[in-house]
Every structure is written in C-alpha cells, then in structure tokens.
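Biologist: Hi, could you walk me through this model? I'd like to start in the core and then look at the chains.

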Amino acid sequence: MLRVFWTILKRDLTLAMRRRTDVLTTLFFFVIVISLFPLGVGTEHKVLEILGPGVVWVAALLASMLALERLFAADYEDGTLEQMLLTAQPLSLLVLAKIAAHWILTGLPLVLIAPLVGMQYHLSDTAIGIMMLSLLLGTPVLSLVGAIGAALTLGLRGGGILLSLLILPLYIPVLVYGSGAVQVSSIAITDTQPYLALLGAFLLVAMVFAPVASAAALRISLE
Amino acid sequence: MALNWFKFASPASFYPIAGRLVPVFWALTIVLLAVGLYWGFFETVDQLGGNNPQKEYYRIIFIHVPAAWMSMWLYVVLVGWAAIGLVFNTRLSFMMANAVAPTGAIFTFLALWTGAFWGRPSWGTYWDWDPRLTSELALFFLYIGYIALHSAIDDTRRADRAAGLLAIVGLVMVPVIFWSINCPDPNQCAALHQRSNLMRIEGNILFSMLVMTFAFWMYSFATGFMRLRSIILTREADSTWVQEILNKENRA
C-alpha cells in the first residue's frame with residue numbers, strides 16, 4: 001500500500017520537474033501579490049508590520065487555490081485518472097499521494113520563501129519564524145481541502161472561478177488562526193501555542209477526511 | 001403494518017401531496033406571522049435595559065433571530081437531504097435539498113441585513129468583524145457555493161451528487177457559527193453580540209420570537225414545496241404523468 005503512495009508521489013514530482021514553469025508561476029504569483037500591497041496601501045513601516053501576516057496568508061490562500069486547478073486536470077485529460085479509479089488500491093490513498101505531491105510543489109515553496117516576503121514587511125525574526133511554522137502547518141490543509149473542490153469542479157466550464165467560490169469560505173478558519181498566530185507572536189511568543197495547536201488539529205482532521213471526500217468527489221465527477 | 005418508507009420517495013407520488021400541503025403551510029405561516037407580529041408590536045415593552053435602553057428598534061429581534069436560526073437549520077436540512085440522496089440514491093431527496101437552498105440563502109441574507117440595521121443604532125456600526133457576523137457571512141457563501149456548483153453542472157445527476165457532497169463538507173462550519181455567539185471566554189474573542197440565553201428573555205418577547213420562528217419555518221415548508229413542485233415538473237418533463245397533468249391543464 002505504501003508503495004503505491006510513493007509511486008504516485010514520485011510520478012507526480014517527476015512530471016512537474018519536466019515542466020518547471022508551472023511550479024514557478026505559483027511561487028511568483030505569491031511574491032507579486034505580496035509586493036503589490038505596499039504599493040497600494042503605502043510603505044509606512046508601522047502599517048506594513050500590521051498588515052504583513054494577513055497579506056502573506058491571503059496571498060498563500062490565493063496562490064494555492066490557483067494551483068489547485070492543475071491538481072487533477074492533466075490526469076483527467078489524458079485518461080490517467082480513470083485508470084486510477086479502476087485500480088485495486090484505495091482511491092483515497094492515491095488522492096492523498098497526489099495532494100502530497102501538489103503540496104510539495106506549491107505549498108512548500110511558499111513556506112520557504114516566507115522569510116523573504118516577511119522582510120518586505122519589516123516583520124521581526126520571531127514573527128517570521130512563527131509565520132513559517134504556521135504556513136508549514138496551514139498550507140497542507142489548504143491543499144487537502146482544496147482537493148475536494150478541485151475534484152468537484154473537474155472538467156467544468158469556468159471551473160477556476162467556481163472553485164474559488166466553493167473553497168475560499170472553507171479556508172476561513174485556516175486564515176484566521178494562521179495569521180492570528182503571527183500577530184500574537186509580537187505580544188508574547190507563548191501565546192502562539194493555542195493557534196499552532198489548532199492549525200495542527202485542522203491538519204490532522206483534514207488529513208483523515210479530505211482524501212476520502214476527494215475520492216468520493218472524483219467518483220461523482222467521472223461517473 | 002409494514003410501512004413502505006420509499007412510497008413517497010417517488011416524485012410522481014409526492015407531487016400531488018406537496019400540492020395539497022402548500023396551502024396548509026401558507027395558512028399556518030399567515031396565522032403565525034399575524035400572531036407573532038401583533039404580539040411583538042403591542043404586547044411587549046417599548047424599551048429594554050436600564051441606563052442606555054434599547055428603544056423601539058429592539059423589535060428587529062423578531063425578524064433577526066428567527067431568520068438566523070432558520071438559516072442554520074435549513075442548511076442542516078439541506079445537508080440531511082443531500083446525505084440521504086447520496087446514501088439511498090433517491091432522486092426526490094436531491095430535489096428537496098435543491099428546493100431548500102434558495103430559502104436558506106434568503107434567510108441568511110435577511111439575518112445579515114436586519115443585523116446591520118440593528119447594529120447601527122445599538123452598536124453604532126452596520127458591520128463589525130464580530131465572530132457571529134463573520135461566520136454567518138461564511139454560511140451565506142456556502143449557500144451561494146452550493147447553488148453555483150449545482151447550476152454550473154449540466155448533467156443533473158452529477159450536479160446533485162457533487163453539490164450534495166460540497167454541502168456535507170460545508171457542514172463543519174455550522175457548529176462554528178452556532179457556538180460563535182457563546183464564546184467560552186468573552187475576553188478571548190472580541191464579540192459585540194451578547195451571549196444568548198433564552199431563559200433570561202422576558203416572556204412576551206420570547207413568545208413572539210418563538211411564534212415568528214415557527215412562522216418562518218412554515219414559510220420555508222411552503223416555499224420549499226412550491227419550488228419542489230416546479231423542480232419535479234422540470235426534471236420529469238418527459239414522463240407520461242407530467243404530460244397528463246399538462247394536457248389536463250391545457251384542456252381546462
């Protein structure tokens with residue numbers, strides 16, 4: 001069973017490495033959105049420090065949502081997805097592997113580039129550390145929950161804009177606690193613990209239920 | 001007596017029943033609305049509270065709270081029908097879920113709208129990022145998402161099942177909305193809403209509030225069944241029994 005997981009994960013990563021621009025587009029989208037905000041709201045240190053955590057998190061939400069469309073689309077078009085549905089292995093496991101690959105390609109880069117964008121907003125070192133930690137816990141949740149929406153909107157006209165309507169309301173708790181953790185870290189670092197614990201709880205719950213729900217959604221979409 | 005639970009699960013047998021129930025629910029709605037509004041306007045006090053009293057405008061509660069309750073309850077109803085449809089593969093359950101969704105969305109909007117007008121005189125603002133307001137707004141988005149996904153998919157069967165699954169996933173938000181008003185520690189969450197406690201509400205106000213809730217509930221039944229009948233007719237347009245009904249109406 002675990003071998004199937006690794007095979008799919010490796011396959012998706014290899015495929016993505018052949019088309020590196022797809023990965024980089026998400027990353028650059030993230031950086032550009034974040035860089036646009038100071039141009040719009042002014043470059044005052046105080047303002048940026050307050051806005052920083054929220055802006056970074058909203059940009060992460062949008063970036064991971066835009067990348068979701070590609071999660072199943074390529075496999076859907078060339079028929080691989082149908083073959084996956086027919087395999088003897090549990091579909092939710094295959095879906096989990098695809099989501100893991102998707103997160104490594106679109107979520108992890110955002111975590112790694114967070115210090116750079118944090119500096120654009122004059123965030124302190126502790127705030128940047130907490131931001132990386134909260135993104136590390138939060139972005140997998142975005143990929144997991146988003147996969148359900150991606151599976152539901154598979155092959156629909158105007159799928160992208162519809163996907164945002166379905167998925168963004170479900171992202172709200174992650175956004176609240178993710179940016180909340182960073183904001184609280186400026187007061188007392190110990191106060192961030194409940195926020196991070198909740199994010200971890202979201203991650204565990206999403207990891208259990210989201211692959212099953214996405215698998216069910218794929219079966220509905222490919223019926 | 002063996003009860004056949006699935007007898008009324010067929011659109012053809014439920015269509016006439018829904019038709020007979022619609023006037024009943026409308027009558028109940030009108031009676032309850034009349035009682036609730038009369039009681040709310042003439043049998044309750046003119047102002048609430050001591051030093052800084054809420055004046056006549058507190059009567060918004062008779063619309064606001066029932067609408068908020070119904071918005072949450074109808075979402076649970078929607079999810080319930082969608083789940084039954086996914087489990088038993090019954091077409092009528094999905095039609096029920098579909099018929100409930102617009103009414104639920106309207107009640108959610110009504111709760112937000114009346115809340116804004118109540119918030120202005122009592123809190124000095126139309127909108128604040130109070131947890132309750134925010135989560136009710138999220139519920140509104142969930143309804144819109146359900147309706148949008150359903151209308152984006154042309155194949156009815158897929159639309160029903162996909163939107164139903166989405167509704168079930170969205171159910172995780174309902175407890176959040178429900179408990180957002182009773183935050184365990186008021187110091188931890190900056191909430192403008194006071195904690196709700198039905199036991200502490202004055203009797204006459206509570207009475208008209210509950211009557212209004214039942215009025216809204218009956219209204220949901222009435223509009224839900226009306227919408228259900230249209231959905232049944234649209235979807236079963238090719239079947240013989242629908243053709244017979246249409247022919248009869250044409251002759252009349």
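**Core, chains and contacts**

Modeller: Happy to, and let's start with Leu78(B). Setting aside residues within four places of it in sequence, Leu78(B) is in contact with Ala97(B), Val100(B), Ala101(B), Gly104(B) and Ala167(B). Keep in mind that this is a predicted model.

Biologist: Good to know. Which residues touch the most other members of the largest nonpolar core?

Modeller: Leu78(B) is one of them, together with Leu149(B), Leu166(B), Val145(A) and Ala217(A), in a core of 131 residues. Helix α6 of chain A, residues 125-152, supplies the largest share of this core, with 16 residues.

Biologist: Let's stay on that helix. Is Ala147(A) buried or exposed?

Modeller: Ala147(A), which sits in helix α6 of chain A, is buried, because 28 other C-beta atoms lie within 10 Å, where the cut-off for buried is 20 or more.

Biologist: And what does Ala147(A) touch, leaving out residues up to four places away in sequence?

Modeller: With those left out, Ala147(A) touches Leu71(A), Val95(A), Ile99(A), Ala210(A) and Ser214(A).

Biologist: How far is Ala147(A) from Leu96(A), in sequence and in space?

Modeller: They are 51 residues apart in sequence, and their C-alpha atoms are 9.3 Å apart in space.

Biologist: Which residues make the contact?

Modeller: On α5(A) they are Leu91(A), Ser92(A), Val95(A), Leu96(A) and Ile99(A), and on α8(A) they are Pro211(A), Val212(A), Ser214(A), Ala215(A) and Leu218(A). By class, the contact of α5(A) with α8(A) has 8 nonpolar residues, 2 polar and no charged.

Biologist: Zooming out, how many helices and strands does chain A have?

Modeller: Chain A has 8 helices and 0 strands. Its radius of gyration is 18 Å, close to the 17 Å that the globule rule gives for 223 residues, so chain A is as compact as a globular protein of that length.

Biologist: What are its dimensions along the principal axes?

Modeller: The C-alpha trace of chain A spans about 55 × 35 × 30 Å. Buried residues account for 46% of its 223 residues. Of the contacts in chain A with a separation of 6 or more, 80% join residues 24 or more positions apart.

Biologist: And how many helices and strands in chain B?

Modeller: Chain B comes to 8 helices and 0 strands. Of its 252 residues, 36% are buried. Residues 24 or more positions apart make up 76% of the chain B contacts with a separation of 6 or more.

Biologist: Great, thanks for the tour!

Methods. Residues are numbered from 1 along each chain as its sequence is written. Chains are lettered from A and ligands numbered from 1 in the order in which they are written. This is a predicted model: local features need pLDDT of at least 70, side-chain atom pairs count only at pLDDT 80 or more; totals for chains, interfaces and linings use all residues. A nonpolar core is a set of buried Ala, Val, Leu, Ile, Met, Phe, Trp, Tyr and Cys residues joined through C-beta atoms within 7 Å. A residue is buried if 20 or more other C-beta atoms lie within 10 Å of its own, exposed if 12 or fewer, and partly exposed in between; C-beta atoms are placed from the backbone. Helices (H or I, at least four residues) and strands (E, at least two) are DSSP runs, numbered from the N terminus. Two residues are in contact if their C-beta atoms, placed from the backbone, lie within 7 Å. The radius of gyration is taken over C-alpha atoms; the globule rule is 2.2 Å times the number of residues to the power 0.38. Ala, Val, Leu, Ile, Met, Phe, Trp, Tyr, Cys and Pro count as nonpolar, Asp, Glu, Lys and Arg as charged, and the others, Gly among them, as polar.
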